[in-house]
Amino acid sequence: MKKLTLSVGLLIGVMAMKAQDTTCTYFVGKRVIEFNYYTNEILYEKVHDSKYYEINLTYGDVLCLDFSDEKVRTRKVITTFFDGSTREDILDSKNSVYYSPRGTVKILVGKPRFFNKL
């Protein structure tokens, strides 16, 4: 009886879990392409013409940032968490992939630069 109760509890727990969604945003030069991570379906394509490209996330979702600049460059990435705190990172942008940390709700991605001030 205990095993049955335990297995039913585990089954309910697994069914009640909210599945996280993963999207991927691909940066190549000024082009930004967002697509579904699992199906490779392109959701949209834009031109990055402002200082920062803003990506909003639902709490619990994961974002894959794929930087494929042709030359060795860096990009400034500002991550905003659910509690309002922020983190700034300078990331390499030539053939690099990064994933958002837990609790991320917004990411700002800067244009490729040869040199970023820290």
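## Gly110 and its surroundings

Leaving out residues up to four places away in sequence, Gly110 touches His48, Lys51, Tyr52, Arg75 and Lys76, where contact means heavy atoms within 4.5 Å. This is a predicted model, in which local features need pLDDT of at least 70, side-chain atom pairs count only at pLDDT 80 or more, and totals for chains, interfaces and linings use all residues. Residues are numbered from 1 along each chain as its sequence is written, and side-chain values use heavy atoms, with hydrogens and water left out.

Gly110 belongs to strand S9 (residues 104–110). Helices (H or I, at least four residues) and strands (E, at least two) are DSSP runs, numbered from the N terminus. The relative accessible area of Gly110 is 4%, so Gly110 is buried; buried means under 20% relative accessible area, exposed over 50%, and partly exposed in between (1.4 Å probe, protein chains only). Val77 lies 33 residues from Gly110 in sequence, with 6.2 Å between their C-alpha atoms.

## Thr104

Strand S9 also holds Thr104, which is buried at a relative accessible area of 1%. Apart from neighbours within four places in sequence, Thr104 is in contact with Leu57, Thr58, Thr79, Thr80 and Phe81. A polar atom of the Thr104 side chain lies 2.7 Å from the backbone oxygen of Pro101.

## Strand S6 and its partners

Strand S6 (residues 74–81) is largely enclosed by the rest of the structure, because 7 of its 8 residues are buried. S6 pairs with S9 in the antiparallel sense over 5 bridges; two strands pair if DSSP finds at least two bridges between them. In this pairing, Ile78 stands opposite Leu108 of S9.

S6 is also joined to strand S7 (residues 86–92) by 7 bridges, and these two strands run antiparallel. Here Ile78 stands opposite Glu88 in S7. The hairpin of S6 and S7 has 4 residues between the strands, and Gly84 takes a positive phi near 95° there.

Strands of a sheet pair through backbone hydrogen bonds, either parallel or antiparallel. An open sheet of 5 strands has mixed pairing and the order S3-S2-S1-S5-S8. Strand S3 (42–47) and strand S8 (96–99) stand at the edges with a single partner strand each, so one side of each has no neighbour in the sheet. From one strand to the next, the twist averages 15°, using axes that are lines fitted to C-alpha atoms (for helices, over the stretch in contact) and angles that run from 0 to 180 degrees between N-to-C directions.

Strand S5 (residues 62–67) runs antiparallel to S8 and is joined to S8 by 4 bridges. Leu65 has Tyr98 in S8 as its bridge partner.

How values were computed:
A polar contact is a pair of N or O atoms within 3.5 Å; within protein, one must be able to donate a hydrogen and the other to accept it, and residues adjacent in sequence count only if both atoms are side-chain atoms.
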